[in-house]
Amino acid sequence: DTIMRPEIRSLPASRIREVANTAMGRSDVLAFWFGESDEVTPAAIRDAAVMSLQAGETFYSHNLGLPELRQALATYASALHGSVDVDRIAVTSSGVNALMLATQMLAGAGDEVVAVVPVWPNLTAQPAILGARVTRVALQPRDGAWQLDLSELLAAVTPCTRVLLVNAPNNPTGWTMTRVEQQTLLDHCRGTGTWIVADEVYERLYYGGADCAPSFLDIASPDDRVVVVHSFSKSFLMTGWRLGWLVLPTGHLDAMGKLIEFNTSCAPVFVQ
């Protein structure tokens with residue numbers, strides 16, 4: 001509770017770590033879960049926002065985002081993961097808003113949600129505040145790295161499981177799913193009817209010899225029960241701008257547009 005206060009989060013990263021360690025009574029724990037760079041947003045992005053404001057673009061936009069941005073995001077995702085149609089893209093007011101929207105779309109009171117942990121606390125809190133039951137499957141440290149016990153996770157995901165939450169690359173451990181793990185989980189969830197909500201906001205912060213980390217978008221079909229969450233905060237140094245997006249299965253865009261209307265109505269045009 002102490003380290004999540006706004007007055008604490010506004011401090012420099014080094015001071016946040018100091019406060020976190022004091023709060024936990026530990027001097028050997030580093031607070032890696034905040035996910036914010038020490039660098040400011042690039043000038044080209046800041047200049048574009050200034051131009052938008054000077055042009056008077058301060059009105060509502062479409063619930064799903066500016067058509068130009070949605071098309072750009074579809075092109076961006078397609079370049080990384082194969083064809084992603086623009087009719088699967090919804091722009092959101094931040095990545096955490098995208099996660100909450102996905103949770104509201106899929107889970108409610110009494111539903112079972114399985115989550116791979118440790119993870120940024122918001123991911124498991126969101127279904128919990130909607131009344132869902134959250135089951136946690138923990139990564140295990142083995143041979144100097146965090147590893148997933150795939151058999152344990154498969155056993156936890158049953159036909160009663162409404163949603164599987166996976167954050168990879170993971171905050172705070174850095175654990176990244178392998179293609180084999182992703183394919184095995186996708187095949188299993190197809191059999192159980194379970195939705196996968198994949199938080200992939202760190203996909204470009206990957207040093208495995210590719211442009212990005214393995215993604216469920218690489219292997220899922222457009223009609224699979226897979227929702228992929230993204231954010232501009234991490235890869236584009238835009239944490240304070242609050243802009244994200246969702247890649248949805250085919251046919252779910254209209255429902256998501258209604259949910260966005262009831263949450264934030266739209267992301268600010270000058271941010272988009």
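In this predicted model, the side chains of Arg179 and Asp218 meet in a salt bridge, with 2.7 Å between N and O. The pair links distant parts of the chain, as Arg179 belongs to helix H8 and Asp218 to the loop between E7 and E8, 39 residues apart. Four salt bridges are counted in total.

**Salt bridges**

- Arg179 is partly exposed, its relative accessible area being 33%.
- Asp187 and Arg190 are three residues apart in helix H8, so about one helical turn separates them. In general, an α-helix has 3.6 residues a turn, so residues three or four places apart point the same way.
- Asp187 has a relative accessible area of 40% and is therefore partly exposed. Arg190, at 42% relative accessibility, likewise counts as partly exposed. Salt bridges with shared partners join Asp187, Arg190 and Asp224 into one network.
- Arg133 forms a salt bridge with Glu112, and the closest N and O atoms of this pair are 4.0 Å apart. Because Arg133 lies in strand E3 and Glu112 in strand E2 (residues 112–117), the pair ties together parts that are 21 residues apart in sequence.
- Within this pair, Arg133 is partly exposed, with a relative accessible area of 45%, whereas Glu112 counts as buried at 13% relative accessibility.

- Seven strands form an open sheet of mixed pairing, in the order E1-E9-E8-E7-E6-E2-E3. Its edge strands are E1 (89–92) and E3 (133–138), each of which pairs on one side only. From one strand to the next, the twist averages 20 degrees.
- Strand E8 (residues 226–231) and strand E9 (residues 244–247) run antiparallel and are joined by four bridges. Val228 has Val247 in E9 as its bridge partner.

**Helices across the sheet**

- Helix H8 (residues 179–192) lies across E6, E7 and E8, and it runs at about 150 degrees to E7.
- Helix H5 (residues 95–106) lies across E1, strand E6 (161–167), strand E7 (195–199), E8 and E9. The direction of H5 is at about 160 degrees to that of E8.

**Helix H6**

- In helix H6 (residues 121–129), the buried residues are Leu123, Thr124, Gln126 and Pro127. They cover an arc of only 150 degrees around the axis, which means that they are on the same side of H6.
- The elements against which the buried residues of H6 pack are H5, E2, E3, E6 and E7.
- Just after H6, Gly131 adopts a positive phi of about 95 degrees.

**Aromatic pairs**

- A search of the whole structure finds four aromatic pairs. In one of them, the rings of Tyr76 and Phe236 have their centres 6.1 Å apart and their planes at 55 degrees, so the pair is tilted. A tilted pair is one whose plane angle falls between the stacked limit of 30 degrees and the edge-to-face limit of 60.
- Tyr76 and Phe236 link distant parts of the chain, 160 residues apart. Tyr76 is in helix H4 (residues 67–81), and Phe236 is in the loop between helix H9 (232–235) and E9.
- Tyr76 is partly exposed, with a relative accessible area of 22%. Phe236 counts as partly exposed at 27% relative accessibility.
- Phe236 also pairs with Phe232: their ring centres lie 5.1 Å apart and their planes stand at 45 degrees, so this pair is tilted too. Phe232 is buried, with a relative accessible area of 9%.
- Ring pairs link Tyr76, Phe232, Phe236 and Trp245 into a cluster.

Conventions
Residues are numbered from 1 along each chain as its sequence is written. This is a predicted model: local features need pLDDT of at least 70, side-chain atom pairs count only at pLDDT 80 or more; totals for chains, interfaces and linings use all residues. Side-chain values use heavy atoms; hydrogens and water are left out. Two strands pair if DSSP finds at least two bridges between them. Helices (H or I, at least four residues) and strands (E, at least two) are DSSP runs, numbered from the N terminus. Axes are lines fitted to C-alpha atoms, for helices over the stretch in contact, and angles run from 0 to 180 degrees between N-to-C directions. Contact means heavy atoms within 4.5 Å. Rings of Phe, Tyr and Trp (its six-membered ring) pair if their centres lie within 6.5 Å; planes under 30 degrees apart count as stacked, over 60 as edge-to-face and the rest as tilted. Buried means under 20% relative accessible area, exposed over 50%, partly exposed in between (1.4 Å probe, protein chains only). The arc is that of the directions from the helix axis to the C-beta atoms.
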